[in-house]
Amino acid sequence: MPDVPATSPVGRLAATVERLRQEVRAAQAEAEGRALIELAKGILVERLACGPAQAARQLAELAEQAQLTPLEFAVDVINQAARDRVTEVTEAFLSVASDPAESAAESAAVRLRAAESGVLAAHDTQAMADSLLDHALRPLGAVAVAIWAAGSDGSLTLAGSAGFPPGEAARWRYVPPDVVTVARRGLTELQDQWLSSLADSGLPTIGRREYADGARVAVPAGAGGRIHGVLEIAWPKPEDPLPRPVVRQVEALAELCAHSLETSAPPSGTDPEPRLLPDVVELMDLADGLHDPALVLVPHLDDTGQLVDFRIQHANDRFLDPAGRPRAVVNGALLLEAYPMAAGDSELFQRVERVYATGEPFRARRMRLTALVDQVPLSAVADISISRHGSSVLLIWRIEDETARLASLLQHAQRLGRIGGFEENLLTGEITWNGQLFSLYGRPPTSPPVALQDLPAHAHPDDSVTLGRFLRTLLHHRRPASAAFRLLRPDGVTRHTRVVAEPVLDTEGQLFGLRGAYQDISAQHWTEVALAATRDQLAHTEQQAVERNRLALQLQHAIMPPAQAPLRVPGLQVAVRYRPAETEHLVGGDWYDAVVLPSGLVLLCVGDVAGHGIEAATSMVVLRNALRGLAVTGAGPAQLLSWLNIVAHHLTGAVTATAVCGLYDGERRTLRWARAGHLPPVLVREADATALPAVSGLLLGAVPEARYEETELQLAAGDTLLMYTDGLIERRDRSVEESLTHLLDTARAAPSTLDQQLDRLLTYSRSDTDDDTCIVGIRVA
């Protein structure tokens with residue numbers, strides 16, 4: 001409203017509305033950016049083997065070093081990890097952005113990742129359309145987008161749109177199968193349809209009056225080999241076709257739309273004529289394959305969108321109507337109109353309604369069913385199954401007598417247990433097998449059964465003794481018996497089988513028959529074999545792990561014994577402490593060093609290599625010895641850490657570690673120090689203890705090259721300086737800040753000697769992470 005003065009009531013109201021709109025946009029951008037930053041933190045946690053807090057610090061420091069915002073750096077991390085099509089076409093999107101100034105201010109990679117995040121988080125296709133337009137399509141100059149859902153009959157339904165007037169979207173809510181539009185061209189041609197000018201094509205489509213001369217593109221939205229709809233994009237004026245890299249990105253966005261269309265149903269009231277959705281058609285096919293009566297029900301809504309009934313979309317051929325009506329009459333009728341008793345005492349309708357609303361299936365045994373059953377008493381009961389599939393409900397019921405039910409249970413139990421039964425009449429020679437036993441033997445049902453006495457001829461020769469003992473117990477001693485053997489089938493397959501049999505005696509105690517069962521136990525046998533092999537392998541692996549831990553512990557103690565002789569330096573007391581982990585299975589990479597250099601300076605350092613075991617211990621040795629050798633050059637702490645970062649990244653298998661390095665000058669009583677992702681030292685002066693201000697520095701091994709900040713501390717007589725690893729303070733239930741406060745409180749009560757003070761710190765440490773602990777302390781005389 002340019003003609004309205006800013007100081008007028010209308011002008012102030014317009015300014016307020018604009019300010020609120022900008023705040024909403026900023027909040028949305030912040031929320032989307034937060035999701036990408038959290039994803040990048042997760043990648044760093046996995047790559048650097050560190051905690052979430054350390055990953056956040058590293059992300060901030062790396063972003064500052066790269067002179068990027070945290071969001072831009074987070075997207076770079078995601079692109080490096082993903083290596084997907086979004087990464088490939090980032091530069092293509094940047095090159096065709098409509099506003100060069102905007103492209104320079106905001107990374108194209110950030111916009112694409114934000115668009116992808118918004119599409120995946122959209123709760124419906126309308127929200128997806130808004131996200132696509134705002135994040136991915138406006139930078140291309142597009143002004144509107146439409147997401148079309150394809151019906152099984154070739155119709156199109158507008159599932160979501162953005163940039164078109166609401167009235168225009170309502171007019172194009174449904175497109176019948178015989179109407180040729182821009183979207184239908186993309187659906188029938190199964191490839192991208194680019195129209196440089198909509199006016200030249202003469203095809204009707206949504207927004208034709210608003211963007212009559214603009215360009216259009218229709219991209220099929222497919223997933224899993226099926227086309228679920230079309231993504232249509234509009235430009236306000238004629239445009240040349242998009243570059244191929246950009247087209248591939250649009251196709252990827254269309255694929256995301258397809259996944260949403262696959263799992264959602266079109267809104268109610270959108271179809272002027274009924275049509276079947278793909279999930280309903282599949283459910284009808286499933287119902288026809290069942291051996292029980294079944295109904296496929298679809299919801300019926302009133303003009304206000306409220307559920308009032310269910311329409312019987314399909315009744316399978318097992319269904320019998322109580323009134324004798326043909327299935328063609330029942331199909332398409334409303335459930336309560338065709339069967340009013342469904343809402344009566346049986347509560348059938350309420351059950352169906354609840355399943356449709358919650359999606360939770362309903363199962364009931366022996367439920368009274370009076371509305372849908374024919375040729376049975378009104379008091380008949382049935383097993384009911386109601387389940388939701390997409391936008392429709394499947395109702396199945398089964399009525400059978402107790403004998404048939406028990407026989408069916410027995411048949412299924414035998415099939416699942418791979419059990420085959422038999423009976424033999426020894427007087428007549430008649431043998432009866434069930435079908436499962438023929439299958440177990442690998443013989444056709446028309447072949448003669450095998451007598452139990454002939455069993456050794458069909459078994460592995462090595463099992464003849466076992467089967468002979470089985471037959472003697474059964475036939476001679478007339479007692480039940482069982483045996484496990486290898487059955488040789490005619491098809492050459494060997495099955496591990498168990499046979500169980502009992503004798504059948506007459507009234508005089510004479511044997512006249514046998515009955516029993518065979519069971520295929522091949523799966524059990526091979527499972528036992530695999531378990532035995534696994535136990536052997538686990539025992540061997542455990543032995544190797546114990547040996548590796550023993551070697552790592554020996555190496556660690558050889559390089560850094562828990563107690564070390566004091567360092568003799570004029571005017572300076574130096575003491576060190578090393579406490580190994582409580583369990584030998586967590587041999588870590590903590591290390592310390594305190595040595596007088598040829599220049600007369602004292603090298604003081606502590607460090608912590610990520611991980612445990614022999615790899616961490618050997619990496620610790622490499623870094624500790626490398627720092628000793630580099631310190632002879634006379635370089636400062638910052639330069640030493642920079643060189644040590646190169647060693648960690650290139651020469652030790654890309655390990656990561658933290659460290660604090662200091663050089664003490666006894667003549668000047670000064671300490672120059674630098675850190676690499678480590679906790680800063682603690683200074684104890686008189687009755688006060690404080691942590692030194694942290695200087696910037698990345699952890700070792702994170703990047704090929706890194707620069708470290710160095711600072712100098714002036715010490716006075718009586719001052720005590722403590723360097724330590726995180727094993728001294730780290731707790732699972734507290735933050736680092738809380739643990740550091742407890743350390744400072746303990747350090748303030750300084751005993752008379754430096755050794756006593758270090759021992760006190762170890763005694764009152766509240767760490768519970770079972771990690772190694774190193775402490776280096778100096779006291780100025």
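This is a predicted model: local features need pLDDT of at least 70, side-chain atom pairs count only at pLDDT 80 or more; totals for chains, interfaces and linings use all residues.

Reader: Which helix gives the most to the lining of the largest cavity?

Author: The lining includes Leu-728, Ile-729 and Arg-731, as well as Ser-739, His-742, Leu-743 and Thr-746, and also Tyr-764 and Arg-766. By residue class, the lining of this cavity divides into five nonpolar, five polar and two charged residues. With four residues, the greatest contribution to the lining of the largest cavity comes from helix H23 (residues 736-748).

Reader: Which element supplies the largest share of the lining of the largest pocket?

Author: The largest pocket holds about 1,100 Å³ of space, and two or more residues of its lining come from each of helix H2 (52-65), strand S19 (589-596), strand S20 (602-609), strand S21 (657-665) and H23. The lining amounts to 43 residues, with Gly-51, Gln-54, Arg-57, Asp-726 and Glu-730 lying nearest the centre of the pocket. By class, the lining of the largest pocket divides into 16 nonpolar, 15 polar and 12 charged residues. The largest share, six residues, is supplied by H2.

Reader: How far apart are the end C-alpha atoms of helix H12 (residues 244-263)?

Author: Among the buried residues of H12 are Val-246, Val-247, Gln-249, Leu-253, Cys-257 and Leu-261. Because H12 has 20 residues, at 1.5 Å a residue it should span 28 Å, and this agrees with the separation of its end C-alpha atoms, which is 29 Å.

Reader: Against which strands do the buried residues of helix H19 (residues 464-476) pack?

Author: H19 has 13 residues and reaches 17 Å from its first C-alpha to its last, close to the 18 Å expected at 1.5 Å a residue. In this helix Leu-467, Gly-468, Phe-470, Leu-471, Thr-473 and Leu-474 are buried, and after H19 comes Arg-478, with a positive phi near 55 degrees. The buried residues of H19 pack against strand S14 (481-488), strand S15 (494-505) and strand S16 (511-520).

Reader: Which residue in strand S8 (residues 307-315) stands opposite Val-298?

Author: Strand S7 (residues 294-301) is joined to strand S11 (residues 392-398) by four bridges, the two running antiparallel, and in that pairing Ala-294 stands opposite Ile-396. S7 also pairs with S8 in the antiparallel sense, over seven bridges. In S8, the residue opposite Val-298 is Arg-311.

Reader: Why does Asn-331 count as partly exposed?

Author: Asn-331 is placed in the loop between helix H14 (327-330) and helix H15 (335-338). Residues up to four places away in sequence aside, Asn-331 touches Ile-312, Gln-313, His-314 and Ala-315, while its C-alpha atom is separated by 9.6 Å from that of Asn-316, 15 residues apart along the chain. Buried means under 20% relative accessible area and exposed means over 50%, with partly exposed in between. Asn-331 therefore counts as partly exposed, because its relative accessibility is 24%.

How values were computed. Residues are numbered from 1 along each chain as its sequence is written. Side-chain values use heavy atoms; hydrogens and water are left out. On a 1 Å grid over the protein atoms alone, a cavity is a set of points where a 1.4 Å probe fits but cannot get out, and a pocket is an open set with protein on both sides within 12 Å along at least five of seven lines; lining residues have an atom within 4 Å of a point. Ala, Val, Leu, Ile, Met, Phe, Trp, Tyr, Cys and Pro count as nonpolar, Asp, Glu, Lys and Arg as charged, and the others, Gly among them, as polar. Two strands pair if DSSP finds at least two bridges between them. The expected span of a helix is 1.5 Å times one less than its number of residues. Buried means under 20% relative accessible area, exposed over 50%, partly exposed in between (1.4 Å probe, protein chains only). Contact means heavy atoms within 4.5 Å. Grid points are joined across faces, edges and corners, and a volume is the space filled by probe spheres set on the points.
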